[in-house]
Amino acid sequence: MAELVKIALDAMGGDNAPAEIVKGAVEGVKKEQESFIYLVGREQQIKAELAKYTYPEDRIKIVDAADVIQTGEPPVMAIRRKKDSSMVKALMLVKNKEADAFISAGSSGAILVGGQTIVGRIKGVERPPMAPLIPTAKGPAILVDSGANVDARASFLVQWAKMGALYMEHVVGIKNPRVAIVNVGVEEEKGNNLVKETYPLLKACSDINFIGSIEARDIPNGDADVIVCDAFVGNVILKLYEGLAKTLIGKIKGSLTKSLQTKIGALLIKKSLKGLDATEYGGAPLIGLNGLVVKTHGNAKHKEIRNAISQCVAYKKGDINEKIMQAISNENFE
């Protein structure tokens, strides 16, 4: 039997914890035969939820944690003070190499702080980016950075481009992924100071397929596989993407449920609409740490947790961290 990919799951994080988190864990271990889940949180609550399901009991273990980090708490203070929280104890499992990956629907700020201070960065990585997969007309693309570093340097973006390309090739399976930097035009001389400084550095990289600038309107069309920007720009793109997709899907569903004929049409296109659902890809990975850290939506349901488990398995089996370390060693892009 292949070595199991061990995942520490914050069972108490998010709006729908622990019920949806536990359900996602059960579905995840059933789907991914090479996964093992640590459900970290309040033991009695987790046990009550697990009792609802039949599952491979040898691949789910409860790790008791009495405390919970709430969304509104100051992240640094919460990570420092709440050592017995589900988030901190789950992150410690990754730090201590008892788990390969961590998943949480909890506080984004606490996950970012905990990921960097507890799990720690891979040597040579300047700033780990938050890198969600977003749907496009030609399949998923990775957006780096979308929330971790609102102020960035050119050297950060070069690293993110390389790490994003490794992720897309070895996790998603896109050979020689196209890398582009977000800009206000496609001409090389356009952009703010950060883009103008970064562009020639990316152009000079021999180990990525840099195709130049991409305008925001061309992202949904799938004109690039790796989309590079600072987190301020990336977060605006991501939130607009999510808001617009929700509005469009709502409008389409409303139109398709007005009559029997349109309801039949809705059933026929239901599968196609799944391509607009970002939760199909799991959560947003924080790339460049000494273990994978994945942030799901705060309102994540079981499907997103299940898909995040699959994401962690693919990441580990793809040896992404080892490839990042090798890339840093070879290219010295520190």
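Predicted model: local features only at pLDDT ≥ 70, side-chain atom pairs only at ≥ 80, totals over all residues.

**Exercise 1. Cis peptide bonds**

Task: Determine where the cis bond that joins Ala17 to Pro18 lies, and do likewise for the cis bond that joins Val144 and Asp145.

Solution. Step 1: for the peptide bond from Ala17 to Pro18, omega is near -5°, and the bond is cis. Pro18 sits in the loop between strand S1 (5–10) and helix H1 (19–31).

Step 1: between Val144 and Asp145, omega is about 10°, and this bond is cis. Asp145 occurs in the loop between S6 and H6.

**Exercise 2. The five-stranded sheet**

Task: Give the strand order of the open sheet of five strands, and explain why one side of S5 and of S8 has no neighbour in the sheet.

Solution. Step 1: the order is S5-S6-S9-S7-S8, and the pairing is mixed.

Step 1: strand S5 (133–134) and strand S8 (209–214) are at the edges; each has a single partner strand, so one side of each is left without a neighbour in the sheet.

Step 2: consider individual pairs. Strand S6 (residues 141–144) runs parallel to strand S9 (residues 226–228), and three bridges join them. Within this pair, Ile142 has Val226 of S9 as its bridge partner. S7 and S8 are also parallel, joined by five bridges; here Val179 is partnered by Phe210 in S8.

Step 3: S7, helix H7 (residues 193–203) and S8 form a β-α-β unit that is right-handed.

**Exercise 3. Helix H6 and its contacts**

Task: Describe how H6 lies on the sheet and how H6 crosses H7.

Solution. Step 1: helix H6 (residues 154–172) lies across S5, S6, strand S7 (178–182) and S9, and its direction is at about 165° to S9.

Step 1: the axes of H6 and H7 come within 9 Å of each other and cross at roughly 45°. That angle makes H6 oblique to H7. The crossing of H6 past H7 is right-handed.

Step 2: identify the residues. On H6 they are Ala154, Leu157, Val158 and Ala161, which meet Leu194, Glu197, Thr198, Leu201 and Leu202 of H7. By class, the residues of this contact comprise seven nonpolar, one polar and one charged.

**Exercise 4. The six-stranded sheet**

Task: Give the strand order of the open sheet of six strands, name its edge strands, and describe how H1 and H10 pack on the sheet.

Solution. Step 1: the order reads S3-S2-S1-S4-S11-S10, with mixed pairing. Strand S3 (60–64) and strand S10 (284–286) are the edge strands, each pairing on one side only. From one strand to the next, the twist averages 25°.

Step 1: S10 and strand S11 (residues 292–295) are antiparallel and are joined by three bridges. In this pair, Leu286 stands opposite Val293 of S11.

Step 2: H1 packs on the sheet and touches S1, strand S2 (35–41) and S3, with its direction at about 165° to that of S2. Helix H10 (residues 302–317) packs on the sheet as well, touching S1, S2, S4, S10 and S11; the direction of H10 makes about 145° with that of S1.

Note on methods: Residues numbered from 1 in each chain as written. Heavy atoms only, no water. Pairing = 2+ DSSP bridges. Helix = DSSP H or I, 4+ residues; strand = E, 2+ residues; numbered from the N terminus. Contact = heavy atoms within 4.5 Å. Axes fitted to C-alpha atoms, helices over the stretch in contact; angles between N-to-C directions. Right-handed = clockwise from strand over helix to strand, strands pointing away. Parallel < 35°, antiparallel > 145°, perpendicular 65-115°, else oblique. Left-handed = near helix turned anticlockwise from the far one by under 90°. Nonpolar A, V, L, I, M, F, W, Y, C, P; charged D, E, K, R; others polar.
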